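Here's a quick briefing to read with the model open on your screen. Have a look at the fold, then work through the points below.

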Amino acid sequence: MKIKVGFGYDVHQLTEGRDLWLGGVKIDAKLGLLGHSDADVLIHAICDAILGAANMRDIGFHFPNTDPRWKGADSKILLKEVCRLIREKGWEISNIDASLAMEKPKINPHIPKMQEILSETMNIPEEDISIKATTNEKLGYIGREEGANAFAVALIFKS
């Protein structure tokens, strides 16, 4: 069996007039994340972790923000495509470990739904998807509620 690990990171600015999508869940909030797609920072970090583990570049390479096809795109579609791409090369996802940093709103109540949606999207068990949420203790752009970031690690394998 061959095993590989990948790391992903993403950041998006918070702004008025946008929906807040995190882990495939629309969260009621005053501010949403700004981006070419739906700006789901958590899914984008997971995509980069999976692609990185498979040595298949990054989310921007596969879904460039210069391509109008991805304008306003649902990030679950991007994640589903990333999973298809790595499976085409014989890889399977063992597990995902992700962390999301933002001051508001509180994310912990939404984590079970995120795990459910991500499980369906990636076709892996919910217990193989770890999502943690934290604040930045009022420090930096996250602390000032100007943005959010996410980190993810993916373990993939080939039999």
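Buried means under 20% relative accessible area, exposed over 50%, and partly exposed in between (1.4 Å probe, protein chains only). This is a predicted model, so local features need pLDDT of at least 70, side-chain atom pairs count only at pLDDT 80 or more, and totals for chains, interfaces and linings use all residues. Residues are numbered from 1 along each chain as its sequence is written, and side-chain values use heavy atoms, with hydrogens and water left out.

**Aromatic pairs**
- There are three aromatic pairs here; rings of Phe, Tyr and Trp (its six-membered ring) pair if their centres lie within 6.5 Å, and planes under 30 degrees apart count as stacked, over 60 as edge-to-face and the rest as tilted.
- Tyrosine 9 and phenylalanine 151 make a tilted pair, because their ring centres are 5.0 Å apart and their planes sit at 45°.
- Tyrosine 9 is partly exposed at 33% relative accessible area, and phenylalanine 151 is partly exposed at 35%.
- Phenylalanine 63 and tryptophan 70 pair edge-to-face, 4.9 Å centre to centre with 90° between the planes, and both are buried.
- Phe7, Tyr9 and Phe151 form one aromatic cluster.

- Leucine 22 is in contact (heavy atoms within 4.5 Å) with residues including Ile27, Leu33 and Met114, leaving aside neighbours within four places in sequence.
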